[in-house]
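Please read the following note alongside the sequence and the model. It takes up a few points in turn for a colleague new to this entry.

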Protein chains: 2
Amino acid sequence: MSTVLVTGHKNPDTDSIASAIVYAYLKNELGVHAQPVRLGEVNKETAYALDYFQVEAPVFADENVQQGVEELILVDHNEAQQSIDARENFNVIEVIDHHRIANFETMAPLYYRAEPVGCTATILLKLFKENNVDIPKDLAGLMMSAIISDSLLFKSPTCTDEDVQAAKELASIADTNLESYGLNMLKAGADMSDKTADD
Amino acid sequence: MSTVLVTGHKNPDTDSIASAIVYAYLKNELGVHAQPVRLGEVNKETAYALDYFQVEAPVFADENVQQGVEELILVDHNEAQQSIDARENFNVIEVIDHHRIANFETMAPLYYRAEPVGCTATILLKLFKENNVDIPKDLAGLMMSAIISDSLLFKSPTCTDEDVQAAKELASIADTNLESYGLNMLKAGADMSDKTADD
Ligand SMILES: [Mn+2]
Ligand SMILES: [Mn+2]
Ligand SMILES: [Mn+2]
Ligand SMILES: [Mn+2]
């Protein structure tokens, strides 16, 4: 079976990394050989979340990883300029996203699921339920982290009730205190200690 | 509350008419004031289905109907050239479709639900279930008609297992014989009796 790459956007944030890992897991549970990849370095906030929940970062989508791959699933973005280079060489078979649609077109029908919520992970929670697949504790923790990140702990104007409810449900699965974990994660992301004055 | 127009494509087929009626019904059940409209004449096949299930055709989307409307929901299409004239004057807040995506973009996030199945009505059946809304008998009949139309009674290469299962489920709700009704509907659409040699 050929591999489908699941990728978030360039300059990846916690939602792009977490959603790639989590949606690849769901696709594998549904019988699709899907591999999560990233298009850039893991930032400090995301590294905190991956370390806390003991999940490995996706591999970087270099030439080797792309070798022989024909199909892509996009998470957390759709616009060409935010996406993998030379996207026109692949078939995009699915998109799971929460942004406006622009600079996106396909030759064939596809599964496209966008909802006007604050985070891709909020949509992924629905997809697990629709497909009757249980969310492992560590992946629930990553999804919760993505919502905390995109919503700045529910303070962003893009945050919806659905995001808040999803985060609470995921925190319960992950057995984690939403507030204290969230503050620590955001703090880890804002940590400037290893930056120079030039950054 | 301002009205949202629910519209299929120009030169409407049974899926575009049925899905506009049916999705407007679902949105109203969910508290949105939605009105189904059409962008052209109802064809004979669709007229047969509307008459059989005693449902009124949507109104034509003329200037009067568009008056004061700011928001659109698109069903069964997304490409600008197939859509309402001057679409740029409206906000497209939702799309439910089963075609490739092209010539489509928005300024804001939206609900976009596309699946690679043979008919929009097949996706609508899932949306009723996801929202726990019962499908009235007459609307189930229209949805079944749309699947029969788009799939040519399951003979089209675009027809999926999901379309076949959906049509069977809808036939049972509509209490209608799928095969015999389907053949009669397709025959009504192919009826040339009132056409002249010039048509
Ligand atoms: Mn993002
Ligand atoms: Mn996001
Ligand atoms: Mn159509
Ligand atoms: Mn259709």
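How far is the sulfur of B:Cys119 from the closest cysteine sulfur, and in which residue does that closest sulfur lie?

1. The sulfur of B:Cys119 lies 9.2 Å from the closest cysteine sulfur, that of B:Cys159, which is too far for a bond. In chain A, the sulfur of A:Cys119 has its closest cysteine sulfur in A:Cys159, likewise at 9.2 Å and too far for a bond. Over all chains the structure holds zero disulfides, a disulfide being a pair of cysteine sulfur atoms within 2.5 Å. A:Cys119 counts as buried at 0% relative accessibility, and B:Cys119 counts as buried at 1%; buried means under 20% relative accessible area, exposed over 50% and partly exposed in between, with a 1.4 Å probe and protein chains only.

2. On the basis of the note: this is a predicted model, in which local features need pLDDT of at least 70 and side-chain atom pairs count only at pLDDT 80 or more, while totals for chains, interfaces and linings use all residues, and side-chain values use heavy atoms, with hydrogens and water left out. Residues are numbered from 1 along each chain as its sequence is written, and chains are lettered from A and ligands numbered from 1 in the order in which they are written.

3. In chain A, the manganese ion (ligand 2) is coordinated by A:Asp15 (OD), A:Asp76 (OD), A:His98 (NE2) and A:Asp150 (OD), at 2.1 to 2.2 Å. Donors here are N, O and S atoms within 2.8 Å of the metal (3.2 Å for Na, K and Ca), and sites may look incomplete because water is not among the atoms. A:Asp76 also bridges this ion and the manganese ion (ligand 1), the two lying 3.6 Å apart. A:Asp76 is buried, with a relative accessible area of 1%, and A:His98 counts as buried at 8%.

4. In chain B, the protein donors of the manganese ion (ligand 4) are B:Asp15 (OD), B:Asp76 (OD), B:His98 (NE2) and B:Asp150 (OD), lying 2.1 to 2.2 Å from the ion. Their spacing in sequence is D-x60-D-x21-H-x51-D. B:Asp76 bridges the manganese ion (ligand 4) and the manganese ion (ligand 3), which lie 3.5 Å apart. Both B:His98 and B:Asp150 are buried.

5. Chain A can be laid on chain B with an RMSD of 0.0 Å by a turn of 180° and a shift of 0.0 Å along the axis, where copies are superposed by least squares on the C-alpha atoms of residues with pLDDT of at least 70 in both. That is the relation of a two-fold axis. In chain A, the C-alpha nearest the axis belongs to A:Arg113, 2.5 Å from it.
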